[in-house]
Amino acid sequence: MNEQKLINLIGEIGRLLLKHGAEIYRVEESLLRMCKSYGYENVEVFALPSYFTLTIEMHDNHTYTLSKRTQQNRVNLDMIYELNNLVRYVCDKHPDYDCLKNKFDAIKNTPLNMPLIFLGYGLGTGFFTTFFGGHVRETIVAIFIGFILYFFIWLMEILEINNLVSTLLSSIVLSSIAIFSYKLNLINNLQSTIIGCLMILTPGVAITNSLRDIMSGDYISGTARMLEALLTATFIAVGVGIMMLVLGG
């Protein structure tokens, strides 16, 4: 078995875990366990929210260091679940490179369930609008805004727009539609509509993971994620504030 090819493949598993929002401790522990399952003893892993390094002493006593960086990260719990199962399989069965590559490619190439995500955007905005005091008309408009947000965020990802800029533009779009709906008397409660739609953009998972990283002793990664979450919240507020000032909502 080609050791470098195997280590690179293990690194790709770790990169996808990071890319799809896995906790830092999970990424480090997964890489460490997989390497040790193949008989590598001196293994060091250091991970950040978008980067990790993996250093291994090979069986011929040479040191091999691998670095991976991720961009355009997006939380995908289904992908994390499948990758976790793959990590457990590696630790239990120690598959050869070809077998591991086939299983990894099958997971990597699994398409997103776009219709379900589309439905989630609409139902999510509608539910939160109702939760924050909206009535039937506000809920219907919020569902419509959620569907538009789905396509807008999807477009931002295709264009590889920075996450913070994408969040700013998304908050501008949803608040504009909500304000115009209010001015056209389609809704009566503007605040509940905007707040309900903004919940889709709120970085709740990022804040939770940052606190978990800090509690686990990963202070650098936890602080970085917390800063990202705070910046995201700031850009959401700036986007809505701009449109409230411009359109007079």
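**Close-up views of a predicted model**

Ring pairs join F118, Y121, F147, Y150, F151 and W154 into a cluster. The legends below refer to a predicted model.

**Figure 1. The aromatic cluster and the stacked pair F118–F147.** The structure contains 9 aromatic pairs. One of them is formed by F118 and F147, whose rings are stacked, with 4.3 Å from centre to centre and 15° between the planes. F118 belongs to helix α5 (residues 114-131) and F147 to helix α6 (residues 136-158), so the pair ties together parts that lie 29 residues apart in sequence. F118 is partly exposed, at a relative accessible area of 26%. F147 likewise counts as partly exposed, at 25% relative accessibility.

**Figure 2. The edge-to-face pair F127–F128.** The rings of F127 and F128 form an aromatic pair with 5.4 Å from centre to centre and 70° between the planes, an edge-to-face arrangement. F127 counts as exposed, because its relative accessibility is 53% and the cut-off for exposed is over 50%. F128 is partly exposed, with a relative accessible area of 27%.

Figure 3. When neighbours within four places in sequence are left aside, F46 is in contact with E28, Y51, F52 and T53. S67 is 21 residues from F46 in sequence, and the C-alpha atoms of the two residues are 9.7 Å apart in space.

**Figure 4. The second largest pocket and its lining.** The volume of the second largest pocket is about 170 Å³. Its lining consists of Y25, R26, E29, S30, R33, N84, V87, R88 and C91. Helices α2 (24-37) and α3 (77-93) each supply at least two of the lining residues; α2 gives the most, with 5 residues. By residue class, the lining divides into 3 nonpolar, 2 polar and 4 charged residues.

Figure 5. Taken along the principal axes, the C-alpha atoms fill a box of roughly 75 × 35 × 30 Å. The protein has 249 residues, of which 42% count as buried. Of the contacts between residues at least 6 apart in sequence, 66% join residues at least 24 apart. The accessible surface comes to about 13200 Å², with 62% belonging to carbon and sulfur atoms.

Methods:
Residues numbered from 1 in each chain as written. Predicted model: local features only at pLDDT ≥ 70, side-chain atom pairs only at ≥ 80, totals over all residues. Heavy atoms only, no water. 1 Å grid on protein atoms, 1.4 Å probe; cavity = no way out; pocket = protein on both sides within 12 Å on 5 of 7 lines; lining within 4 Å. Points joined across faces, edges and corners; volume = space filled by probe spheres on them. Helix = DSSP H or I, 4+ residues; strand = E, 2+ residues; numbered from the N terminus. Nonpolar A, V, L, I, M, F, W, Y, C, P; charged D, E, K, R; others polar. Buried < 20%, exposed > 50% of the residue type's maximum accessible area, 1.4 Å probe, protein only. Contact = heavy atoms within 4.5 Å. Areas by Shrake-Rupley, 256 points an atom, 1.4 Å probe, with all protein chains shown as cover. Phe/Tyr/Trp six-rings, centres within 6.5 Å; stacked < 30°, edge-to-face > 60°.
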